[in-house]
Amino acid sequence: MHRNTKHRMKIYKSGAHLAATFLIILAPFLFLLFFSRIEKLAVSNLFSDVFVSIIRLFVAYLIAAFLAWLLATTFYKGKRSHIVLPIFDILQSFPTFAILPLAVHFWGQTDSTVIFFLVLTIIWPILFSVLSSLKLARHDWEEAAEIYHLTGINYFKKFIWPLSIPGLVTGSIIGLGEGWGAIVATEIIVNLPAGLGGFFQSHVQSTTITVFGILGLLIIVFSINKLIWTPLLDASHRLMEE
Amino acid sequence: MSAIITLKNVTKHYLEDDKNLLVLDDINLEIEAGEFFILVGPSGSGKSTILRIISGLEKDYKGEVILSKDMTVSDTSFVFQQFALLPWMTVFENIELGLFSKRMDEKTRHAIVAQELKQFGLEKFAHSYPKDLSGGMRQRVGIARALAPQPKIIFMDEPFSELDSFTAEELRKELLQIWVERKPTIIMVTHIIAEALELADRIAVLTARPARVERVVKNNLPRPRMTRSTDFFHLEDQLYQLIRP
């Protein structure tokens, strides 16, 4: 294929790239199997702890990304931005853990509490990254959109959305990074039995299990990054290359 | 006379360091349908500002810009100095950009884009991205994008100033040919007098800041223009005198 005709958002460069990616997916599973054998933990428990936390994080991420994108694209320019952006600045500096007891009070020791809290953590990096992406748009791009009457749904689909992708990707990487920290902490504080927080808390007596657990978590985070975010980051940079 | 655009007492101030700076001082112009009209003037004189006001990009000014009755704002398009192609779109999609606001189905839209690609020799690059093109090719895309919606008026803001002189000359010839074929009104800004003389029917000479219309010169040199003829140089000298009093 001619190099020019390659699509800009193509993520996997070759079959070998895809194969290596599959190996990366396997790595955390193999490690969990190996881990459960050595420490004589029930494989099912181990997998379900990891699974439950990832699902919580994933749901929270989807909500946060959607809200952040919506807020950023609504308020990034004009008079609105002068009023709303300073408010965002203050809100994002607010220590979210201060709200945790209140969330527990309302929703109890539930998934909703953890997810609500994660949304509050993940939303800010995404919001600010998307904002900066939109603000970096060259002035004459906006003028071209105006001259050619790109409005309504087309304006969002063909202008705002592609323009916001790089910020969405970088913001997601930072947000999920903070999300991993927050999920373990929240699960421990809220005292949920299932999930990674519960796992670390119930094995606090065994240093080996804790160390293996941390190692496993590192492999999972690494795999997700390699699998999803690094290629997306590359693709989003190519998208804006001039 | 059928003026397609009339400017009446257009005045503009900029606020700079708390000082109210006059940039455009009572600009009055009448531009006729089908005319190739060029604004020249020293750099920083506000030529581009006039173009932005007429095209509707700049909304903060005093005075009136009157379009002829059969015109709407969507009958205009703009060629930018730095091309302003959207980097996430292919050449094809960039040319298509001005067609989404028109009532037409996808098939018609694609047929129009294909036709423009052919006109500008861009067929091979239809699915390339702007970053893979040379400056000349990029501005061809910029001009093709401007022509696709069949505008009555095309605004051009120093469209050749980012190109090397050979490419610029080539593009000027292509533009003239298209202008003869399709007869849109073209309103262009340039700071190169020879360029204005090669292209324009009439040339408005602006003063340095604040910009006033020093004179509107009718360019009667026969087309195609001999850019190395005595008459050409003679007129070029006259215009230089006007700009540098």
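In chain B, the centres of domain 1 and domain 2, taken over C-alpha atoms, are separated by 26 Å, the domain bounds coming from an automatic or database domain assignment. Domain 1 of chain B comprises 3-71 + 152-243, and domain 2 of chain B covers 85-146. The model is a predicted one, in which local features need pLDDT of at least 70 and side-chain atom pairs count only at pLDDT 80 or more, while totals for chains, interfaces and linings use all residues. Residues are numbered from 1 along each chain as its sequence is written, and chains are lettered from A and ligands numbered from 1 in the order in which they are written.

Where the two domains of chain B touch, eight residues of domain 1 and five residues of domain 2 take part, two residues being in contact if their C-beta atoms, placed from the backbone, lie within 7 Å. The side of domain 1 of chain B that touches domain 2 of chain B has five nonpolar, one polar and two charged residues; here Ala, Val, Leu, Ile, Met, Phe, Trp, Tyr, Cys and Pro count as nonpolar, Asp, Glu, Lys and Arg as charged, and the others, Gly among them, as polar. Helix H5 (residues 165-182) of chain B gives the most to that side of domain 1, with four residues, where helices (H or I, at least four residues) and strands (E, at least two) are DSSP runs numbered from the N terminus. H5(B) has 18 residues and reaches 25 Å from its first C-alpha to its last, close to the expected 26 Å, a span defined as 1.5 Å times one less than the number of residues. After H5(B) comes B:Lys183, with a positive phi near 50°.

Turning to the sheets, six strands of chain B form an open sheet with mixed pairing, in the order E5-E6-E7-E3-E8-E9, and two strands pair if DSSP finds at least two bridges between them. Strand E5 (76-79) and strand E9 (213-218) of chain B stand at the edges with a single partner strand each, so one side of each is left without a neighbour in the sheet. Neighbouring strands of this sheet are turned by 15° against each other on average, direction ignored. Within it, strand E3 (residues 36-40) and strand E7 (residues 185-190) of chain B pair in the parallel sense over five bridges, and B:Ile38 stands opposite B:Met188 in E7(B). Helix H4 (residues 135-147) of chain B lies across E5 and strand E6 (153-157) of chain B, and runs at about 175° to E5(B), with axes fitted to C-alpha atoms, for helices over the stretch in contact, and angles running from 0 to 180 degrees between N-to-C directions.

A further open sheet in chain B has three strands in the order E2-E1-E4, with antiparallel pairing. Strand E2 (19-32) and strand E4 (62-67) of chain B stand at its edges, each with a single partner strand, so one side of each lacks a neighbour in the sheet. Ten bridges join strand E1 (residues 3-16) of chain B to E2(B), and B:Val10 stands opposite B:Ile27 in E2(B).

Chain A has nine helices and zero strands, and its C-alpha trace spans about 65 × 50 × 25 Å along its principal axes. Between the chains, 21 residues of chain B are in contact with 19 residues of chain A. The side of chain B that touches chain A has eleven nonpolar, eight polar and two charged residues.
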